[in-house]
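Please look over the sequence and the structure shown below before reading on. The report then takes up the chains, their contacts and a few local features in turn.

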Amino acid sequence: MKKLGLFILSFILCLGPFSIAMAQKSPTICAVHPFTGRFAFAGIEGSAAMQDVVDMANEGGGVNGKKIQYYWADGEYKDDVGIAAFKRLYAQYNPQIMFGQSTGMTKALGPEIKSRYKVLYSAYTMTSEAANPKENPYLFIAAPTYTEQFGVLLKYIAKEKPGANIAFFYSDTEFGREPIVAGREICKKMGLNLVAEEVSQVGGVDITTQVLDMKGKKVDYCIFQGFVSNPIAAVIKQSKDYGLNAKFMGTFWSTELQLLRELGPLADEYTGVTAYSFYFQEDVPMVKKIREWTQKKYPKVEYRSQSYMENYMTTLLFVECFKRADKMAGGITGDNLTKALQSIKNFDVGGLMPPVSIKSNSIPVGRVYRGNSKTVRFDPISDWIRME
Amino acid sequence: MRCGDYKENYIKDEEIFQSRFVKFWLALFFIFLIVFPFIANAYMLYIANMIGFAVIGAIGLNLLTGFTGQISLGHAAFIGVGAYTSAILITKYGVSFWLSIPLAGLVSALAGLVIGIPSLRVKGLYLCIATLAAQFIFGFVFVHWESMTKGITGIHIPPPRIGSLQFVTEKDFYWITIVFVVLGVGYARNLVRSKMGRAFVAIRDRDLAAEIMGINLFRYKLTAFAISSFYAGVSGALWVSFLKVVIPEHFPFMLCIQYLAMVIVGGLGSVIGSIFGAVFMTLVPELLNVLSDMVKSYAPGMGKLIIPFKQVVFGFLIVSFLIFEPRGLAEIWNRIKKFFTLWPFSY
Amino acid sequence: MDISILIQVIVAGLATGGIYGLIALGFVLIYKATSVLNLAMGEFMTLGAFICFTALTMIHVPFWIAFAITIVFAIVLGIVIEPLILRPMIGEPIISVIMVTIGLGAILRGLMYMIWDPTYRAFPQIFSPKPLKLGFAVVPSGLLWGFIFAVITTIVFILIFKFSRTGVAMRATANDQQAALSMGVSVKRVFALSWSFGAIAAVIGGIVIGNISGINIYMGDIGLAVLSVIILGGLDSIEGAILGGFIVGILQNLAGLYIDPLVGGGAKDVAPFFIVLIILMIRPYGLFGKVIIERV
């Protein structure tokens with residue numbers, strides 16, 4: 001009885017803010033972060049990054065004097081929760097820019113963003129579907145797509161060892177399978193032999209058959225996609241036991257310190273491609289700025305991961321688009337924001353990335369780093385590689 | 001307050017709406033349902049639609065688990081089968097949305113029949129695990145049968161149409177959902193007071209005795225699976241036409257758990273329990289989200305503590321519900337009604 | 001097919017199967033006495049891994065002490081959870097009880113998030129990383145130690161159940177609660193103890209898996225694949241748990257070896273569920289489970 005009454009009361013209380021559709025004149029960003037769920041490690045960092053950039057921008061005068069409003073919600077890395085959060089935030093705050101939590105959500109909302117919402121949109125994803133300006137000019141990513149990342153790695157391999165034997169090791173998910181088809185094409189173009197494709201569940205405990213298969217096919221380079229930490233570490237460790245002498249590489253989400261810690265002394269075996277400078281590269285001006293800000297505001301935080309950098313970069317671009325769109329006729333609207341996005345050429349971001357030019361709604365630039373087991377850091381082993 | 005409440009024949013006893021009082025309030029409720037889309041914003045309509053789909057799915061599961069006593073952990077797979085069938089029919093074979101819905105239900109029902117076969121050999125927990133196995137096997141098929149399901153890329157579905165009228169927004173789709181929900185609820189409510197419904201309940205309570213009485217276990221158990229999967233298929237087909245996209249990751253094991261929670265918290269073996277459960281399981285997480293948003297705006301740094309607390313609260317609600325009111329929301333509803341029926345003479 | 005690869009694959013499957021068997025043991029121990037399928041087992045596992053991790057990294061105790069701390073924690077967990085959550089549910093339909101365990105899992109996951117971060121962490125090196133080199137096969141260190149732990153734990157529990165008073169009491173309760181009660185067995189204590197035992201098996205499994213793949217709060221998702229093991233072995237048989245684990249581990253690897261190339265991967269993970277369906281058709285109560293015969 002009491003329970004029902006409480007329920008009805010709180011329901012009515014919450015109807016209040018819903019029914020007021022506030023038309024915001026100030027530039028507003030709304031984001032759905034995967035704050036809980038399997039991607040939580042990225043969501044926590046990402047939401048901190050967005051908050052930091054917005055705070056920094058507002059301290060520096062905002063968008064031509066107007067303060068940027070920023071609201072976010074947790075999407076639990078579940079599509080329906082994320083989509084509900086998206087619609088809730090949109091109905092409440094009427095933002096001009098939105099940020100999503102996953103590839104799935106992006107795919108689901110893409111057509112509606114184009115036809116109905118018309119907001120500039122990016123997400124925790126590097127799927128090629130979000131970097132297709134002809135199909136959907138509102139979606140973009142501030143990073144190379146997974147396919148472009150594969151391209152960077154394969155280009156690097158082709159230079160190191162032409163005609164090498166390649167294996168793709170990916171997870172049985174959207175995240176894992178996305179770049180594989182295009183990756184096969186790139187292999188052919190670069191004259192590399194794709195000899196094996198291995199699949200595993202994200203938490204796979206036993207990857208013996210996959211490792212043995214790669215050994216039998218004499219794989220030289222194995223590229224991981226769709227995993228963050230396990231079973232990459234298990235594969236690398238067990239390949240030593242089974243006598244597989246391959247070099248292991250990975251894409252953006254696995255090229256993080258947490259993987260190096262997991263690998264321990266085998267960290268030197270892992271090479272990865274990432275799009276941004278690392279937090280420990282203190283000589284990079286933008287990294288220095290981030291470090292100062294972090295140490296001032298969050299003295300307990302010791303490290304900011306690449307997920308932080310990705311959101312940081314995206315939000316930098318958001319702010320820049322706001323500024324440019326504000327000067328256009330009609331002010332800050334979704335369409336003006338897309339035009340502003342396309343106008344970003346050679347935008348200086350203080351070394352976080354090389355000067356940014358948006359190409360086909362992504363930034364096809366990457367850098368290859370190798371793990372260092374002694375310093376537990378990544379050392380750059382290539383310069384910034386551009387994919388054309 | 002009702003008094004002089006006596007029935008003179010069986011037909012009157014079996015009536016679903018037994019008094020003018022109930023009929024009056026039901027009419028009011030329908031009027032509310034019709035007025036609702038004109039006063040609500042897009043987000044609330046989205047939630048309303050999701051509740052509608054959940055109701056249909058929950059009724060299906062309740063028919064199987066609550067009325068017939070067959071525990072099924074595979075409900076999400078049947079929703080997926082219906083969803084994919086509808087999507088493939090619409091996009092690949094050009095079937096209209098209206099035809100694809102019942103077809104999707106039928107294909108799901110067939111899947112349900114197949115998965116129901118182990119129920120003839122095993123009961124209880126073992127059946128539970130068999131259906132769980134089916135859930136994962138279907139999940140595998142969704143991802144790997146790429147020629148049909150386009151694997152992880154998924155299928156984009158155009159919005160449903162009647163002639164030139166398109167149902168694009170949440171408000172438009174609301175009407176479709178309402179129609180199907182009313183149909184589904186009506187059919188289920190009638191089913192449970194019919195011969196088949198009584199057979200189901202008999203199987204749940206004492207299946208050996210039921211067999212002795214002449215109820216063909218084989219036929220009725222499979223029928224229960226088929227009908228339950230039909231509902232699931234329709235729910236899935238509606239859901240993905242609403243979302244306009246279907247990907248395999250829409251049907252994880254967690255979805256089964258969610259539907260089970262709806263049915264159990266709502267009340268096993270009761271149609272109105274399914275409705276309550278569906279509403280509860282959809283609204284409460286959203287409410288918790290809104291509350292945590294409000295708390296977040298007062299204490300911005302506490303995000304890391306507040307947001308997971310939502311999960312704790314939710315789990316806690318389910319656990320305490322089950323401990324203190326194991327027969328679910330439907331039972332609470334009945335108690336309220338009984339209280340008012342005899343008020344003020346409730347002693 | 002190269003015989004040496006086949007042997008290697010079978011050996012690895014055996015080792016992994018041992019780990020599956022360990023987690024299956026947790027399920028079985030709880031089910032045997034209380035007839036409850038505890039779907040929060042994954043969270044118990046994760047909790048165990050985290051407790052051990054915290055003991056090793058924050059208090060810097062040697063492994064055997066951290067292990068002991070974790071075991072004590074598991075015992076306490078079982079003793080606390082059972083009366084709080086499971087006892088009020090006695091007599092309720094089985095599906096409600098399973099739902100309660102799921103709710104419990106959600107609570108534990110939320111609490112773990114609040115106490116520890118959701119970042120992925122590496123388990124400190126507690127065993128030597130050198131693999132075991134048998135003449136015909138190699139066993140990687142993580143799997144080897146998992147296997148050793150699994151076998152030892154199973155043997156310990158088998159001995160407890162066969163010879164100790166507590167074990168006999170638990171078997172009696174599993175057989176017939178009323179009779180056990182009338183013989184003076186405290187059924188309440190047996191229930192709480194069986195949850196503790198299950199928790200112990202789970203936390204050992206958690207430590208072993210954490211050692212192989214690192215820990216994070218969502219690592220408990222592996223718990224579901226283990227259900228096929230307990231079906232194979234029988235829901236209430238301890239020997240069945242470990243033997244079922246071995247069989248599933250080997251079959252899974254064979255599927256990976258022969259079937260993966262045909263379907264483009266992923267067969268390995270779905271194979272256990274096919275096994276479940278087949279077993280249910282032929283021998284529903286598993287290899288070693290108690291057969292319940294109903295005659296009309």
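What follows is a short report on this complex, with a heading for each topic.

## Confidence in the model

This is a predicted model, and the predictor gives the complex an ipTM of 0.81 together with a pTM of 0.85. For chain C the average pLDDT is 83, and 97% of its residues score at least 70.

Chain A has a mean pLDDT of 86, with 93% of its residues reaching 70 or more. Where pLDDT is low, the predicted coordinates should not be read in detail.

## Chain B as a whole

Chain B contains 15 helices and four strands, and its C-alpha atoms fill a box of roughly 60 × 60 × 45 Å along the principal axes. A compact globule with 347 residues would have a radius of gyration near 20 Å, and the 21 Å of chain B agrees with this.

Of the 347 residues in chain B, 52% are buried. If one takes the contacts in chain B between residues at least 6 apart in sequence, 76% of them join residues at least 24 apart.

## Helix α2 of chain B

Helix α2 of chain B covers residues 20-39, and at 1.5 Å a residue its 20 residues should span 28 Å, which agrees with the 29 Å between its end C-alpha atoms. Along α2(B) there is a kink of about 25° at B:L33, shortly before the proline B:P37.

Is α2(B) largely in the open or buried? The number of buried residues among its 20 is zero, so α2(B) lies largely in the open; the count rests on the rule that a buried residue has 20 or more other C-beta atoms within 10 Å of its own.

## Chain C as a whole

The secondary structure of chain C consists of twelve helices and two strands, and read from the N terminus its elements follow the order α-α-α-α-β-β-α-α-α-α-α-α-α-α. Chain C has a radius of gyration of 19 Å, close to the 19 Å that the globule rule gives for 296 residues, and so chain C is as compact as a globular protein of that length.

The C-alpha atoms of chain C, taken along the principal axes, fill a box of roughly 60 × 55 × 35 Å. Of its 296 residues, 59% count as buried, and among contacts in chain C between residues at least 6 apart in sequence, 76% join residues at least 24 apart.

## Helix α3 of chain C

In chain C, helix α3 runs over residues 63-86, and these 24 residues reach 33 Å from the first C-alpha to the last, close to the 34 Å expected at 1.5 Å a residue.

Which residues of α3(C) are buried? They are C:A66, C:F67, C:T70, C:A74, C:L77, C:G78, C:I81, C:E82, C:I85 and C:L86.

## Where the chains touch

The contact between chains A and B takes 27 residues from chain A and 30 residues from chain B. On the side of chain A that touches chain B, at least two residues each come from α1 (2-19), β2 (69-74), α3 (79-93), α4 (103-117) and α6 (174-177). By class, this side of chain A has 14 nonpolar, five polar and eight charged residues.

Between chains B and C, 39 residues of chain B are in contact with 39 residues of chain C. The elements α6 (124-144), α10 (207-213), α12 (253-266) and α14 (303-324) of chain B each supply at least two residues of the side that touches chain C. Sorted by class, that side of chain B has 32 nonpolar, five polar and two charged residues.

## Two residues with positive phi

Most residues other than glycine have a negative phi, and most peptide bonds are trans. A:Y77 is not a glycine, yet it has a positive phi of about 55°. A:Y77 sits in the loop between β2 and α3 of chain A and is buried, with 24 other C-beta atoms within 10 Å.

A:N361, which is not a glycine either, has a positive phi of about 60°. A:N361 is placed in the loop between α13 (334-342) and β10 (365-372) of chain A, and A:N361 is buried, with 24 other C-beta atoms within 10 Å.

Terms used
Residues are numbered from 1 along each chain as its sequence is written. Chains are lettered from A and ligands numbered from 1 in the order in which they are written. This is a predicted model: local features need pLDDT of at least 70, side-chain atom pairs count only at pLDDT 80 or more; totals for chains, interfaces and linings use all residues. The expected span of a helix is 1.5 Å times one less than its number of residues. The bend at a residue is the angle between axes fitted to the seven residues ending there and the seven starting there. A residue is buried if 20 or more other C-beta atoms lie within 10 Å of its own, exposed if 12 or fewer, and partly exposed in between; C-beta atoms are placed from the backbone. Two residues are in contact if their C-beta atoms, placed from the backbone, lie within 7 Å. Ala, Val, Leu, Ile, Met, Phe, Trp, Tyr, Cys and Pro count as nonpolar, Asp, Glu, Lys and Arg as charged, and the others, Gly among them, as polar. pLDDT is the predictor's confidence in each residue, from 0 to 100. The radius of gyration is taken over C-alpha atoms; the globule rule is 2.2 Å times the number of residues to the power 0.38.
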